[in-house]
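Dear colleague,

My notes on what was found in it follow directly after.

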Amino acid sequence: DVDHVLAELEVLCSHLYEGTDLAQRMQAEKVLLELIDSPECLSQCQLLLERGTTSYAQLLAATCLSKLISRASPLPVAQRIDIRNYILNYIASQPKLAPFVIQALVQVIAKITKLGWFEVLKDQLIFRDIIADVKKFLQGTVDHCIIGVMILSELTQEMNLVSMLVDYSRPSAKHRKIATSFRDTSLKDILMLACSLLKELLAKSLNLQDQRQQSLAMHLLKLVLNCLNFDFIGNSADESADDLCTVQIPTNWRTIFLEPETLDLFFDLYHSLPPMLSQLALSSLVQFASTRRSLFSNPERAKYLGNLIKGVKRILENPQGLSDPGNYHEFCRFLARLKTNYQLGELVMVKDYPEVIRLIANFTITSLQHWEFAPNSVHYLLTLWQRMVASVPFVKTAEPHLLDTYAPEITKAYITSRLESVPVVIRDGLEDPLDDTTTVFQQLEQLCTVSRCEYEKTCALLVQLFDQNAQNYQKLLHSSVRNPLEITVQEGRLAWLVYFVGTVVGGRLTYTSTDEHDAMDGELSCRVFQLISLMDAQLPQSSNEKVELAILWFLDQFRKTYVGDQLQRTSKVYARMSEVLGITDDNHVLETFMTKIVTNLKYRGRCEPVISRTLQFLNDLSLVKIEAVKFMLQNHTSKHFPFLGISDNYSLSDLRCRTTFYTALTRLLMVDLGEDEDEFENFMLPLTVSFESVTRIFNSSFEQEEAKRMLIGLARDLRGIAFALNTKTSYTMLFDWIYPAYLSVLQRAIELWYREPACTTPILKLMAEFMQNRSQRLNFDVSSPNGILLFREASKMICTYGNQILSLGTLSKDQVYPLKLKGISICYSALKSALCGNYVSFGVFKLYGDNHFDNVLQAFVKMLLSVSHSDLLQYRKLSQAYYPLLECLTQDHMSFITSLEPHVLIYILTSISEGLTALDTIVSSSCCASLDYIVTYLFKHIAKEGKKTVRCRAVSQDGQRLLHFMQQNPEVLQQMMSILMNTIIFEDCRNQWSVSRPLLGLILLNEKYFSELRATLITSQPDNKREVLDQCFRNLMEGVEQNLLVKNRDR
């Protein structure tokens, strides 16, 4: 009953597209998937299109058709032609459908065309006559015309997309082949067609009130953009890498680009269209400005650039369109591209250069003064100036570049506008630009180049502003009536000024710097060092986070520029500093740095951003013997450094910075430690005290919260320490300190708090750090059992954690990673470090009946089986821990692998099979290696079986088990061989060597299947390629013998 079916489908539509009930929608999606797989799918789509009462019914039909077309096993050619022609007739007869329905149907046509691009029916490339079909639309009404343009636009985009493939993980060779053929046969015609239609539109004097005319103009401009954004050479550059762009226009398009009318057309469109559309015209111009240089000869390029500059001048002389943010942004991108693709020497030769550079400078200054408007666009303007100024030393022409006139004005506009923004931001409670540090640093880096042009002017301005603001600030601090708002404003300004000083000091270039410039840097730096004293004098009453972060940034810039061996000690920067501050050389500066670091750690412990930046800075410093360092090594307790405390005022995540602190401290300790055990004991004293009190709490009535906080802190501290101890002597001291008493406390904590990742993660990470044999620090003495003792502790911890975590049962999607998978991945990486660290002889365990090794392997399996294959690959940290661990197990512990139950083996082999095609090369290379070890083991076993002697009968039990398993499940290895062959032949393979390793073993074990696979692969190729591929296979196997010796593998 047709009406009944239609009614049911319409209910399905309303649930899918309009329903608010989630369960209903999920159910509807399930029904939809069943519908696509059912044989009635096509007839039901036709029913929806012809008799559906809502636009959603038509949308549902389009969605089903799209899914049906993209299936792995394609529909027969004739059927796809019918569907395509049906849709073309359908939209031609109903051009007034809802836009989203037309869009969806047009998408189906594009997909059919792309998939069938090379298909032949009765000696014709049947799907390529799409352009001819579209021309019929273009001769109809405006509505038909729009649909025609939409088809071309969608087709161009679809050809450029990789998403058509069944296998989403990589761009395949097939996609590239289709895209290249489309580029060579059709794309130029499409672009020319679009341009001529745009010319016609302009000539008819656009009636902008007419929505349909506007819509046509919009679709045409989008079509042009799709043509110019096409991935011409198949490097599918990431779209966010906007600054690198050169558009690789094909050589046979030269004629279009050499006609001046082409550029004029888009400049005219910009001036005559409303903002929504004019920005599309500008986007096209951005692409025109980015055309590869090699498309033109030198005179042609100069002429082309002249036309671009003429267009810029016209836009800046009639700037009303630029008040629209979209236009403004695209215009800024356009300006930046001029310098990306042309050299300053070429720009200054253009006739209007002096006038245009003046207009651009004024435009930039105005933009900078309106700091609250379009901050993302400013990036492009600064890029332009940065690149212009950076090229000044290399310009050979006699024409003046005028940058020495305009660059200082740009610098001044940036500096003054940022200072003026402060009171507005504070008074009106706006978002503070300084909070967005990424943008600020990016802009400062660009400014740093510009500010060094005519550096004297920049310095004079900064000195004047700094003195004025610092004096005002002091007055406010000393006035009898405190005015908090005014103080905050002054501090905000000072923060900006400190950033500016850091920027210009960090911008010093060795090859252009002079003594005068260094002396100016000294003048500026003096002022910041004085401000540091002024700010620290107010502690502990008040402290301003923004000023502190700015100061740390300045110190870091100063360190990179003026501290260290690369500078002559006599640098003029210290001349002024020794007069004013008594700082005579970089050793003095380092003392100032250390004093500042200690002050911050003592008094600003509340302020997480300041603490973590301070610790970062401490970590980057070169190590020096300074009083402040000694003080820190002897007094790292919460009394002196509040952030080491465990009071409830700190959230648990605030404790993170302790690891960095202890890594830095331990590095300082290591400088003179040598073999001095007493010194080490003294250093560890604060931690010893904490551990003792935790032990006491554990043995008494037990105040949980406090013990937990102390332990989290301790685990983080110890991990920092262990990370820095890279010698055998120092690591042994730590081991003797922690084993056995304190390790058992950590084991107890894992038992108690296994369901709290805030507690288990730091402890497990500490264990994983202990297991790392970095620079052979774990190669204990011959007489020492420490390696085995350490492994037993790790084994206990992993087993405890594994058993406990599995008792949690099934977890919801958002909880499974934090509560379970994260812990499992840390356990796996700890186990991997132990297995490949070379400090434990694992055979000993079985020999002496010690079950720690067996237990940990069983825990590995239990945890593994509780994870789904999709999660294994989806969570990157988990896959990067599991796959390398599996590689270790298959390399050295095949007897364990062969002893596994069949279902576990299937699980592991499936995980290898799925990982072979992973994008992450760590994962795919580990899979190839694991597979190679398994295959080699099998092959050797079979070879031994062949020459059975009395001696090796008993030995081969393990091999026999694996062989039996493989005979029961032959498809496992065959599937993997097929994946590897496909990867090598059809994909762009990034780790060819790893992929080739397991291949020979697979071929020798499955020769019959290999010859079938080879035949299938050869027949799947077009006739002209079959002979080549057949020859490749012959070459591959030429001279290969029946063994897996290295010599044979490398053939």
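In this predicted model, the buried residues of helix α33 are Y742, L743, V745, L746, Q747, A749 and I750. The elements that cover these buried residues include α30 (677–699), α31 (704–724), α32, α34 and α35. The length of α33 agrees with expectation, because twelve residues at 1.5 Å a residue should span 16 Å and the end C-alpha atoms of α33 are 17 Å apart.

The loop between α32 (728–738) and α33 (741–752) contains P740. A cis peptide bond joins Y739 to P740, with omega at about -5°.

Helix α13 is mostly covered, with twelve of its 15 residues buried. These are L277, S278, L280, A281, L282, S283, S284, L285, V286, Q287, F288 and A289. Among the elements covering them are α10 (211–228), α11 (254–258), α12 (260–272), α14 (298–317) and α15 (325–341).

Two helix pairs also deserve a description. In general, two packed helices are described by the angle between their axes and the distance between the axes.

On the α19 side, the contact is made by Y414, I415, R418, L419, S421, V422, P423 and I426. On the α22 side, it is made by L485, T488, V489, G492, R493, W496, L497 and F500. By class, the residues of this contact divide into eleven nonpolar, three polar and two charged.

The other pair is α21 (residues 455–478) and α23 (residues 515–537), with axes that come within 10 Å and cross at roughly 15°. Since angles under 35 degrees count as roughly parallel, α21 and α23 are therefore roughly parallel to each other. The crossing in which α21 passes α23 is left-handed. From α21, the residues Y455, E456, C459, L462, V463, F466, D467, Y473, Q474 and L477 take part in the contact. They meet H517, M520, D521, L524, R527, V528, L531, L534 and M535 of α23. The contact of α21 with α23 has 13 nonpolar, two polar and four charged residues.

K122 lies in the loop between β1 (120–121) and β2 (124–125). Its phi is near 50°, a positive value in a residue other than glycine. Is K122 buried or exposed? K122 counts as exposed because its relative accessibility is 76%, and the cut-off for exposed is over 50%.

Q776 is placed in the loop between α34 (757–770) and α35 (786–806). Phi of Q776 is near 55°, again a positive value in a residue other than glycine. With a relative accessibility of 47%, Q776 therefore counts as partly exposed.

Yours sincerely

Conventions:
Residues are numbered from 1 along each chain as its sequence is written. This is a predicted model: local features need pLDDT of at least 70, side-chain atom pairs count only at pLDDT 80 or more; totals for chains, interfaces and linings use all residues. Side-chain values use heavy atoms; hydrogens and water are left out. Buried means under 20% relative accessible area, exposed over 50%, partly exposed in between (1.4 Å probe, protein chains only). Helices (H or I, at least four residues) and strands (E, at least two) are DSSP runs, numbered from the N terminus. Contact means heavy atoms within 4.5 Å. Axes are lines fitted to C-alpha atoms, for helices over the stretch in contact, and angles run from 0 to 180 degrees between N-to-C directions. Angles under 35 degrees count as roughly parallel, over 145 as roughly antiparallel, 65 to 115 as roughly perpendicular and the rest as oblique. A crossing is left-handed if the near helix is turned anticlockwise from the far one by less than a right angle, and right-handed if clockwise. Ala, Val, Leu, Ile, Met, Phe, Trp, Tyr, Cys and Pro count as nonpolar, Asp, Glu, Lys and Arg as charged, and the others, Gly among them, as polar. The expected span of a helix is 1.5 Å times one less than its number of residues.
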